[in-house]
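Here is a short briefing to read beside a structure. Take a look at the model first, then work through the points by topic.

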There are 2 protein chains.
Amino acid sequence: MLPNKEELKIRSEKTKLRRARPAKQVGGHGVSLRELAAHLGLSLTTVSRVMNHAAKEYRIAPATQQRVLEAAASLNYHPNAFARGLRKKRSSTVGVIVPEISEGYAASVLSGIEDALLQEKFFYFVVSHRHRADLLDEYPRLLLSRAVEGIIAVDTRLLGPVPVPVVAVSGHRRKNGVLTIELDHLTAARYALSHLFDLGHRKIAFIKGQTFSSDTRSRWDATVKVCDSLGIRIDPQLVTQLEGIAPGSEPGYVATRELLQRERRFSAIVCFNDASAIGAITALHEAGLVVPHDVSVVGFDDIPAAATIRPALTTVRQPLYEMGRTAAMSLLSLIREEISLSPLRSILITPDFVTRQSTAIVSKD
Amino acid sequence: MLPNKEELKIRSEKTKLRRARPAKQVGGHGVSLRELAAHLGLSLTTVSRVMNHAAKEYRIAPATQQRVLEAAASLNYHPNAFARGLRKKRSSTVGVIVPEISEGYAASVLSGIEDALLQEKFFYFVVSHRHRADLLDEYPRLLLSRAVEGIIAVDTRLLGPVPVPVVAVSGHRRKNGVLTIELDHLTAARYALSHLFDLGHRKIAFIKGQTFSSDTRSRWDATVKVCDSLGIRIDPQLVTQLEGIAPGSEPGYVATRELLQRERRFSAIVCFNDASAIGAITALHEAGLVVPHDVSVVGFDDIPAAATIRPALTTVRQPLYEMGRTAAMSLLSLIREEISLSPLRSILITPDFVTRQSTAIVSKD
DNA sequence: CAGACTTGCGCAATCGTTTGTGCTGCGGAT
DNA sequence: ATCCGCAGCACAAACGATTGCGCAAGTCTG
């Protein structure tokens with residue numbers, strides 16, 4: 001049955017009535033496009049076009065633009081994010097998955113991510129999986145249900161495929177459809193080793209990372225390669241590995257004690273990270289060895305404590321902020337389809353090297 | 001002009017045609033309610049009610065519920081966040097404003113916030129203002145335009161009033177409409193001072209925080225009060241203050257050197273935070289004083305470095321994670337109007353005390 | 001002065017959900 | 001046989017913004 005004129009009339013009036021009531025908006029502030037338009041005596045269309053900077057394209061008179069913009073400002077108009085998202089199918093939001101947000105690594109990367117995203121008016125959701133498999137499985141779905149347009153995985157290996165662009169910061173097995181931002185481990189190794197080499201060190205000990213850490217492999221491969229080219233022989237007896245998931249300096253302390261027990265002489269230690277370097281220094285001091293006089297120590301990361309510990313740590317600095325920034329910018333490019341994935345699978349970030357007091361010329365005795 | 005039957009027919013068919021095309025959804029995955037309903041031969045209404053657990057209320061037959069749920073699962077139906085938000089005016093999202101995310105303080109608080117929020121299916125946006133006034137002004141608005149239902153300000157003083165519930169973690173001047181989560185500074189001071197008191201310390205030096213830091217005032221007030229009750233005299237000559245915005249241990253180093261120059265004897269220092277305590281230790285060592293034998297040092301915060309530095313730092317631990325959790329849970333209660341603001345203006349969180357190696361019995365000489 | 005452009009703007013459909021109200025059978029009470 | 005009530009579902013109007021077309025004046029061309 002088609003409604004007749006009478007009914008339509010009535011309905012239309014009811015509608016008007018409803019529209020007249022002050023709509024309580026999300027956030028409780030501001031007015032809707034409709035109210036703004038009514039206030040101006042213009043159509044929704046026109047106002048919308050002005051607000052979207054599409055005025056030229058649709059030839060809105062400059063005077064009208066002025067009026068609209070002023071009214072928008074004075075009425076405190078803010079477009080409703082839901083309505084806009086619903087219509088445009090874009091949320092200007094990305095998801096970030098990290099192992100643990102309270103850790104310095106993730107937080108530094110996030111800082112870079114945030115800067116890059118906010119510049120483009122994007123926001124981000126953060127979730128931390130804490131290495132729990134169920135969360136690793138659930139979070140991407142949760143993020144997608146929040147309509148994120150892309151995902152950044154920080155030091156995290158995503159399980160299944162994801163229907164939006166994904167950028168990984170370290171820690172992702174190279175995989176189809178995932179752009180990885182990683183440190184240039186070769187340059188990093190070259191920094192650390194040639195520094196020691198130039199100081200005269202030849203018998204160098206190494207503390208590798210835990211096996212579960214994704215950087216362990218690539219960093220060690222780079223180390224081997226650089227030693228090769230420098231002519232440094234890697235003595236298997238001088239290689240140890242961090243064990244256990246304990247954070248902080250403890251694992252490095254343990255590894256160094258093991259190293260010392262092997263009674264093989266070495267004049268320097270290259271550590272997997274600063275935390276373990278600090279542990280190494282403690283162990284060396286306990287063994288009566290003075291850093292850097294007897295043994296030089298090189299760290300990795302440049303965490304804040306690296307500068308404050310005595311002796312201050314010579315270390316390879318990971319530009320985490322920059323890695324985050326790059327990740328975010330790449331993700332945006334992928335979302336906007338300005339770049340496609342095939343040509344580049346990973347972007348290398350160049351580390352810095354910070355020379356402090358924990359390394360010195362090899363002693364002559 | 002009313003459309004006649006003919007036109008309506010045509011329009012309706014056009015409509016059907018459009019609806020038939022596979023709608024590319026946000027996130028590129030799943031089907032819409034409409035498709036799900038069509039698939040089931042049911043109305044949108046019914047399916048929606050089942051999906052929203054409102055089946056009882058509207059007497060949907062159990063068999064129907066079953067069918068709906070199964071179809072939803074098999075078709076991978078996910079409600080569109082925009083449409084739902086638009087309709088229900090709720091985003092299940094809050095905003096978090098921090099000074100700097102890469103700093104340990106904010107990151108730890110965020111960790112607690114995240115846990116509490118995700119439990120309730122809320123997500124959060126993070127923005128860091130870096131003490132820039134323009135951002136402090138802009139971010140609340142930006143967050144509101146993203147329809148956040150509440151805001152958590154971490155160590156940050158919001159400028160204007162905000163039309164959604166606000167919870168502050170430290171750093172907020174007590175203000176109407178803002179619930180503040182803060183450390184119980186009195187207990188904290190009692191921990192630190194009675195520890196030193198019991199070790200025999202009477203001549204105690206203090207390093208206060210920078211004036212811009214919001215905790216400086218309340219922590220000092222508590223210190224004065226506790227000294228009073230313990231009968232410890234505060235010698236103005238033994239009180240210094242951190243200067244400058246430099247992060248890390250430098251300000252503490254400088255403050256301690258100043259203290260030493262005053263040539264007033266003291267057997268212990270109570271520092272504003274761990275970072276400055278580390279600086280203090282460095283300065284003391286340089287002056288030939290051994291910690292803790294000659295001077296005991298107490299920190300505040302319990303940052304990771306506190307445990308690794310030598311000597312390991314005795315310090316007051318701020319339960320940042322718990323403060324974040326409490327903030328988030330309170331905010332949710334405010335949003336749901338389960339609690340109102342008037343009765344409680346601030347929630348005190350009790351600190352812990354960690355005894356390590358930087359404090360010792362006062363030496364007899 | 002008629003037709004062809006251009007200028008400046010409005011109509012109305014659409015995005016996907018939610019929800020107040022209504023409508024249809026069917027069984028039991030009278 | 002009539003009426004009532006309830007079980008079980010559907011209608012259709014929002015929510016607020018975007019956008020392909022379309023249309024009326026005004027300007028220009030010849």
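The notes below go through the model topic by topic.

This is a predicted model: local features need pLDDT of at least 70, side-chain atom pairs count only at pLDDT 80 or more, and totals for chains, interfaces and linings use all residues. Residues are numbered from 1 along each chain as its sequence is written, while chains are lettered from A and ligands numbered from 1 in the order in which they are written.

**DNA strand D**

- DNA strand D is surrounded by 34 residues, and the closest are A:L33, A:N80, A:A83, B:S43 and B:T45.
- A residue is near a strand or molecule if its C-beta atom, placed from the backbone, lies within 6 Å of it.
- Chain A supplies at least two residues to this surface from each of helix 1 (5-20), helix 2 (33-40), helix 3 (44-51) and helix 5 (81-88).
- Helix 3 (44-51) and helix 5 (81-88) of chain B also supply at least two residues each.
- Helices (H or I, at least four residues) and strands (E, at least two) are DSSP runs, numbered from the N terminus.
- The surface near DNA strand D has 13 nonpolar, 11 polar and 10 charged residues.
- Ala, Val, Leu, Ile, Met, Phe, Trp, Tyr, Cys and Pro count as nonpolar, Asp, Glu, Lys and Arg as charged, and the others, Gly among them, as polar.

**DNA strand C**

- Around DNA strand C there are 35 residues, of which A:S43, A:T46, B:L33, B:N80 and B:A83 come nearest.
- Chain A gives two or more residues to this surface from each of helix 3 and helix 5.
- The surface near DNA strand C divides into 13 nonpolar, 11 polar and 11 charged residues.

**Where chain A meets chain B**

- The contact takes 44 residues from chain A and 44 residues from chain B.
- Two residues are in contact if their C-beta atoms, placed from the backbone, lie within 7 Å.
- Several elements of chain A each supply at least two residues of its side, including helix 1, helix 5, strand 2 (123-128) and helix 7 (133-145).
- Helix 6 of chain A gives the largest share of that side, seven residues.
- That side of chain A divides into 24 nonpolar, 16 polar and four charged residues.

**The sheet in chain A**

- Six strands of chain A form an open sheet in the order 7-6-8-9-10-12, with mixed pairing.
- Two strands pair if DSSP finds at least two bridges between them.
- Strand 7 (239-241) and strand 12 (352-354) of chain A are the edge strands, each pairing on one side only.
- From one strand to the next, the twist averages 20 degrees.
- Strand 10 (residues 314-317) and strand 12 of chain A pair in the antiparallel sense over three bridges.
- A:V316 stands opposite A:F353, which is in strand 12 of chain A.
- Helix 11 of chain A packs on the sheet, and its direction makes about 155 degrees with that of strand 9 (296-301) of chain A.
- Axes are lines fitted to C-alpha atoms, for helices over the stretch in contact, and angles run from 0 to 180 degrees between N-to-C directions.

**Helix 8 of chain A**

- Helix 8 (residues 185-198) of chain A has 14 residues and should span 20 Å at 1.5 Å a residue; its end C-alpha atoms are 19 Å apart, which agrees.
- The expected span is 1.5 Å times one less than the number of residues.
- Its buried residues include A:H185, A:R190 and A:L196.
- A residue is buried if 20 or more other C-beta atoms lie within 10 Å of its own, exposed if 12 or fewer, and partly exposed in between, with C-beta atoms placed from the backbone.
- Just after this helix, A:G200 takes a positive phi of about 100 degrees.

**Backbone details in the loops**

- A cis peptide bond with omega of about -10 degrees joins A:R310 and A:P311.
- A:P311 lies in the loop between helix 12 and strand 10 of chain A.
- The peptide bond from B:V291 to B:P292 is also cis.
- A:H131 is not a glycine, yet has a positive phi of about 65 degrees.
- A:H131 counts as exposed because it has 12 C-beta neighbours inside 10 Å.
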